[in-house]
Amino acid sequence: MSKIGILVASANNNRNLGDKLASLAKEENVEVEVINLLDLRLPLYSTVEEEENGIPEIALDLANKILELKAFIIVAPEYNGVMPPVLNNAMAWTSRSTKDWRDAFNEKIVALATHSGGG
């Protein structure tokens, strides 16, 4: 059976939504892993950061987890018209942590979910 990853890119309501999706998946006997991107505390990606300090071990771990997934659900709020910075940053580090920047994301099934408390 393939594992589904749930990438959570915010706290509170979106984290609760990610946990609820994981619970529903488990009820259907689907293997699932919730990855809270906030908990990773990745440094802000830049070429200077990468040149000076290399790729952080936590980014390599994240990339390896994503490489193993056949599908994932991104649970993230809209953030001023775009994705939250923590999601963009995680994707940047992941793309730099694989042989080909597309490796972690090509041929994956992706779903999007959100809870927005905005007006």
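Asn-80 has a phi near 50 degrees, a positive value in a residue other than glycine, and Asn-80 is exposed, with a relative accessible area of 71%, where exposed means over 50%, buried under 20% and partly exposed in between, with a 1.4 Å probe and protein chains only.

This is a predicted model, in which local features need pLDDT of at least 70 and side-chain atom pairs count only at pLDDT 80 or more, while totals for chains, interfaces and linings use all residues. Residues are numbered from 1 along each chain as its sequence is written, and side-chain values use heavy atoms, with hydrogens and water left out.

A positive phi also turns up at Asn-12, again not a glycine, at about 60 degrees; Asn-12 lies in the loop between strand 1 and helix 1 and is exposed, at a relative accessible area of 61%. Just after helix 1, Asn-29 likewise takes a positive phi of about 60 degrees. As background, most residues other than glycine have a negative phi.

Now to the sheet, which is open, has 4 strands in the order 2-1-3-4 and pairs in parallel, two strands counting as paired if DSSP finds at least two bridges between them. Its edges are strand 2 (32–36) and strand 4, each of which pairs on one side only.

What joins strand 3 to strand 4? The two run parallel, residues 71–75 alongside residues 109–113, and are joined by 5 bridges, with Val-75 having Ala-113 as its bridge partner in strand 4. Between them the chain passes through helix 5 (residues 85–96), and this β-α-β crossover is right-handed, that is, clockwise from the first strand over the helix to the second when the strands point away from the viewer.

Strand 1 (residues 4–8) and strand 2 are also parallel and joined by 5 bridges, and Leu-7 stands opposite Ile-35 in strand 2.

Finally, which residues of helix 1 are buried? They are Asn-14, Gly-18, Ala-22 and Ala-25, and because they cover an arc of only 85 degrees around the axis, they lie on the same side of helix 1, the arc being that of the directions from the helix axis to the C-beta atoms. These buried residues pack against strand 1, strand 2, strand 3 and strand 4, contact meaning heavy atoms within 4.5 Å.
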